[in-house]
Amino acid sequence: KQWYQRRVAITAGGKDLFKKETDIDLFSHLAVNLSTGELGKIEGSFGQSGKFKVYVQDGLSEKTKLLLASKKKKGKDNVDVGVVPEKVMINLKFKRYTFDKKKQMLQ
């Protein structure tokens, strides 16, 4: 049980990298870079709209956690209070050769 709680703490979600109909299992276990400097791997999909999980082995930095957790909050007079969340970009780089019969994605 302790292991599960630790693993959840270092798994983040991503979206808008794949289309809804893309088979994300083809991309699982490929390495990704976060714009904040962390390295991770795609674990799999969740939901139905192309969302996916990224596993970061070394954990997320405090700065990244704040960026992912910050949301706009409304004050008493419906005026926006707080920090506007900054997007954390996920970069996936791979090569796929045109005449490869196995159609593998290499990094």
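Student: What does leucine 92 touch, not counting residues up to four places away in sequence?
Tutor: Leucine 92 touches Leu17, Phe18, Phe27, Leu30, Ala31, Val32, Ile42 and Gln107. Contact means heavy atoms within 4.5 Å. This is a predicted model: local features need pLDDT of at least 70, side-chain atom pairs count only at pLDDT 80 or more, and totals for chains, interfaces and linings use all residues. Residues are numbered from 1 along each chain as its sequence is written, and side-chain values use heavy atoms, with hydrogens and water left out.

Student: And the largest nonpolar core, which residues have the most contacts inside it?
Tutor: Phe18, Phe27, Ile42 and Leu92. That core has 16 residues. Strands β2 and β4 are the elements that give two or more residues to it. A nonpolar core is a set of buried Ala, Val, Leu, Ile, Met, Phe, Trp, Tyr and Cys residues joined through side-chain atoms within 4.5 Å. Buried means under 20% relative accessible area, exposed means over 50%, and partly exposed lies in between (1.4 Å probe, protein chains only).

Student: How many of the residues count as buried, in percent?
Tutor: 23% of the 107 residues of the protein chain.

Student: Back up a bit. How many helices and strands are there?
Tutor: The chain has 2 helices and 7 strands. From the N terminus, the elements run α-β-β-β-β-α-β-β-β. Both kinds are DSSP runs numbered from the N terminus: helices are H or I with at least four residues, strands are E with at least two.

Student: In what order do the strands of the open sheet come?
Tutor: β1-β4-β3-β2-β7, with antiparallel pairing. Two strands pair if DSSP finds at least two bridges between them. β1 (11–14) and β7 (90–92) are the edges; each has a single partner strand, so one side of each lacks a neighbour in the sheet. Neighbouring strands are turned by 40 degrees against each other on average, direction ignored. Axes are lines fitted to C-alpha atoms, for helices over the stretch in contact, and angles run from 0 to 180 degrees between N-to-C directions.

Student: How many bridges join β1 to β4?
Tutor: 4 bridges, and the two strands run antiparallel. Glycine 14 stands opposite phenylalanine 52. Alanine 12 has valine 54 as its bridge partner.

Student: Which side chains of β1 are buried?
Tutor: Ala12 and Gly14, which point to one face. In β4 (residues 52–55), Phe52 and Val54 make up the covered face, while Lys53 and Tyr55 make up the uncovered one.

Student: What is the bridge partner of lysine 41 in β4?
Tutor: Tyrosine 55. Strands β3 and β4 share 4 bridges and run antiparallel. Their hairpin has 6 residues between the strands, and glycine 47 there takes a positive phi near 75 degrees.

Student: And how many bridges pair β2 with β3?
Tutor: 3, in the antiparallel sense, between residues 31–34 and residues 39–45. Valine 32 sits opposite glycine 40 there.

Student: New topic. How many salt bridges does the structure hold?
Tutor: The structure holds 1. Glutamate 62 forms it with lysine 65, with the closest N and O atoms 3.8 Å apart. The definition asks for a side-chain nitrogen of Lys or Arg within 4 Å of a carboxyl oxygen of Asp or Glu. The two residues are about one helical turn apart because they are 3 residues apart in helix α2 (residues 62–69).

Student: Is glutamate 62 buried or exposed?
Tutor: Exposed, with a relative accessible area of 56%. Lysine 65 is partly exposed, at 37%.

Student: What about threonine 64, buried or exposed?
Tutor: Buried, at 0%. Threonine 64 also lies in helix α2. Its side chain makes a polar contact of 2.8 Å with the side chain of glutamate 38. A polar contact is a pair of N or O atoms within 3.5 Å; within protein, one must be able to donate a hydrogen and the other to accept it, and residues adjacent in sequence count only if both atoms are side-chain atoms. Beyond neighbours within four places in sequence, threonine 64 is in contact with Thr36 and Glu38.

Student: Last one. Where is valine 88 found?
Tutor: In the loop between β6 (80–81) and β7. Valine 88 counts as buried, at 17% relative accessibility. Not counting residues up to four places away, valine 88 touches Leu34, Ser35, Thr36, Leu67 and Leu68.
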